[in-house]
Amino acid sequence: DCRFGSSPPPQAVSSHLPVDLLDGTILDNMKVVAEVAAKLGSSTGPFPFEYIRNLIRDKKHIDNFLILSSTPINPNELKENGTSELADLLSKYRQEVNPDMLFVSVDLSGGRKSVDADEKNPLDICISGFSDQILRFIAERGDQTQLQYVEHIAEAKGFQKSEAELAQQRAAAAVPISPWWKWLDNLDQDAPKPPNFTTLTCGEPWQEARVFISSTFLDFHGERDILTRTVFPILRERARERRIRIVEVDLRWGITAEESQGGKQIALCLNEVDKCKPFFVGMLGERYGWAPEEYDVPEKEQFKWLKSFPEGRSITELEMTRAALQDPSSSSAIFFLRDGQFHAQVPEEYRANFESASEADTEKMNDLKHRIQQSGHTVTTYRCDFDRISEDKALVKGLEYFADSVEHQLWGAIEKEFPLADPVTHPLEVERLYHQSYAIELAHSFLGRKEALSHLERFEQGHVGRLLVLEGAPGEGKSALLAKYSQSLAASNPTTFVLTHYVGASVDSLDIRATLERLCRELRDAFDLDYVVPEDYTELCNTFTAFLAEACFKGKVVIIIDAIDQLDPTLHSAHSLDWLPSSATLPCKVIVSCLAGSQCAKVLKRRGVAHPSSQKAYSLPPLDVKERKLIVETTLGRFHKKLDDKPMNTQMRVLLRKVGASSPLYLKVACEELRVFGVYERVSEKIKSLGDRLPKLFDGVLQRLEEDHSRQTIQGVCGLI
């Protein structure tokens, strides 16, 4: 029963009215309470003694009598005549109806938080002060926690106990005590500063190192290919340990026909050079390259130097001058000069691709090389051999020394620019770092899906449902969606502990026992829980439930577990989901993801039938056309590449009409294949050759890898996988 009391309205007798509560928490019913309150007066009314008399008359069984008031209501506070009508009524009710009835009075106006229980009547409790914990307890906790407090009130307040009571306490010592009564003992302490959990979820932000690759195009396809396909993947993997994202800028294609015809290529190239500072890799052979007739650039400060720069210089020379020769001390540029003996190996019919077009260009090239060698930057001369013409590209071989030199020198520059922080050694922090890094990488590439993000937000903020099951086909972006959502939620709600676990982010993440251990330890550390994480798996499952309950009592928690269907099914029957509490008993919002049609999805579907109000499901829809285009434009744009999307050049539309283009994974792989493709004139042809579906697309990736690294190498690597 719920009633609202105040001063009675004019011509009314009762000072309290019933409130018909809706299913849910107190917050759900505030509108209902407000409507009832409007029917009564605005001042404090008399205590409803007749209500208790009616309970006694009707012998109505009440376990808990809870009263929220703006003034202290202490049943054991005596009047001037030495009596207390409320105490007499409560005593009479306990004598005639329920001797264990608990009376709790909460004075919401109390400035100092405290709890008091009468020594003679420990079932009468008075609480002064308001806090989120009190409201959460009233709204979400059951009667047992209050009764547990009463059972321990004597110990909490130092009352004397009989030997029988002490024996009873010892017998019940093994029963876990609710966090409620333990928290009440600390009400008189100052409230701690609200925690900030954002860093625990998101980790430290990553830094970005952009590297500009400069050379003439026709004669350096081989070097550029080995950089983009071999050297930079190695550097990217190594840089992850320093939370650095490496992006190489290779402009063999990416400047559209419209931009080229509009004379924008000089400004675009130099803009990218500036964005990449201080990192720059310059390569020179004998070919000087194309030189614009005039330097057509915007009237900006960064381009003023071109007004006094000699005319007729190639774009390659402009790039190298801007990056390294204007102010050598501010640049970490490295240069590589191809040995002059290479030119003699090139067949006569292909030599035009490897040599300057005139004696004047040859003089300009020699002058550029001299300036570079005098600049103080690291200059390496390397040897290589002519290989063949493939896909209209003149390729070279014997580049192992070149690749090793670039990797070593560039990594040295990156180490200098981004010193290594103190290493993480604590096992929990190491595992947390795996999940943070995994999520950061996914969230960084996440695009679109506004409706899906809104659905997750409505679930987290709403009062309906405790467990949300996110389903989808492989490659549809479930993990990236959860990574993006969890980081956004943690950033916008720093006092909410968003605990994420991505199955597959580390070796231990595949083991359900290790997963539960990690979740328990994270909750224990975040909320200073007084629990020991057990080694026995069954005890661990029970402890996980207890950890959740106490953590949620102390603060707001959201649990996100991605790809539960990828847990090792041979360990503790992980796919039976016995470790996951029922949605009906979850004390917080939990989001899990799995493949549609998987064993985990089937188990969760059966659970959902049993608990339709507490468990919800959401199937990730295919990408719409706008989302597909956004992914392609942004993914390629990070490397300053762009597809033409004009009526006479339909590169974008051809890609988006592929059958597999509704999947984010398909588009990401397709963009990666296009990014490392080096022939501008054949980009349209390359797009058409991409497989229509994901399996065929991966066939093409494997074929390209075999060409880059040999079939035997790729077979060996795939065999290990």
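How many helices and how many strands are there in the chain? Hi everyone, let me start with that one. The chain has 26 helices and 18 strands, and please keep in mind that we are looking at a predicted model.

A few overall figures before the details. The chain runs to 721 residues, and 48% of them count as buried. If you take the contacts with a separation of 6 or more, 74% come from residues 24 or more positions apart. The chain exposes about 36,300 Å², with carbon and sulfur atoms supplying 51% of that area.

Now to the part I'd like to walk you through, which is helix packing. Please find H15, at residues 427-444, and H18, at residues 512-527.

Let's begin with H16 and H17. On the H16 side, the contact is made by Ala 452, Leu 453, Leu 456, Glu 457 and Glu 460, and H17 brings Leu 481, Leu 482, Lys 484, Tyr 485 and Leu 489. By class, this contact of H16 with H17 has seven nonpolar residues, three charged and no polar ones.

Staying with H17, let's turn to its partner H15. Here the axes come within 8 Å and cross at roughly 100°, so H15 and H17 are roughly perpendicular to each other. From H15 we have Tyr 438, Ala 439, Ile 440, Leu 442 and Ala 443, which meet Ser 479, Ala 480, Ala 483, Lys 484 and Gln 487 of H17. The classes in this contact of H15 with H17 are seven nonpolar, two polar and one charged.

Last pair: H15 with H18. How far apart are their axes, and at what angle do they pack? The axes are 11 Å apart and the angle is about 105°, so H15 and H18 are also roughly perpendicular to each other. Leu 428, Glu 431, Arg 432 and His 435 of H15 meet Arg 518, Arg 521, Glu 522 and Asp 525 of H18. What classes do we find there? This contact of H15 with H18 holds six charged residues, one polar and one nonpolar.

How values were computed. Residues numbered from 1 in each chain as written. Predicted model: local features only at pLDDT ≥ 70, side-chain atom pairs only at ≥ 80, totals over all residues. Heavy atoms only, no water. Helix = DSSP H or I, 4+ residues; strand = E, 2+ residues; numbered from the N terminus. Buried < 20%, exposed > 50% of the residue type's maximum accessible area, 1.4 Å probe, protein only. Contact = heavy atoms within 4.5 Å. Areas by Shrake-Rupley, 256 points an atom, 1.4 Å probe, with all protein chains shown as cover. Nonpolar A, V, L, I, M, F, W, Y, C, P; charged D, E, K, R; others polar. Axes fitted to C-alpha atoms, helices over the stretch in contact; angles between N-to-C directions. Parallel < 35°, antiparallel > 145°, perpendicular 65-115°, else oblique.
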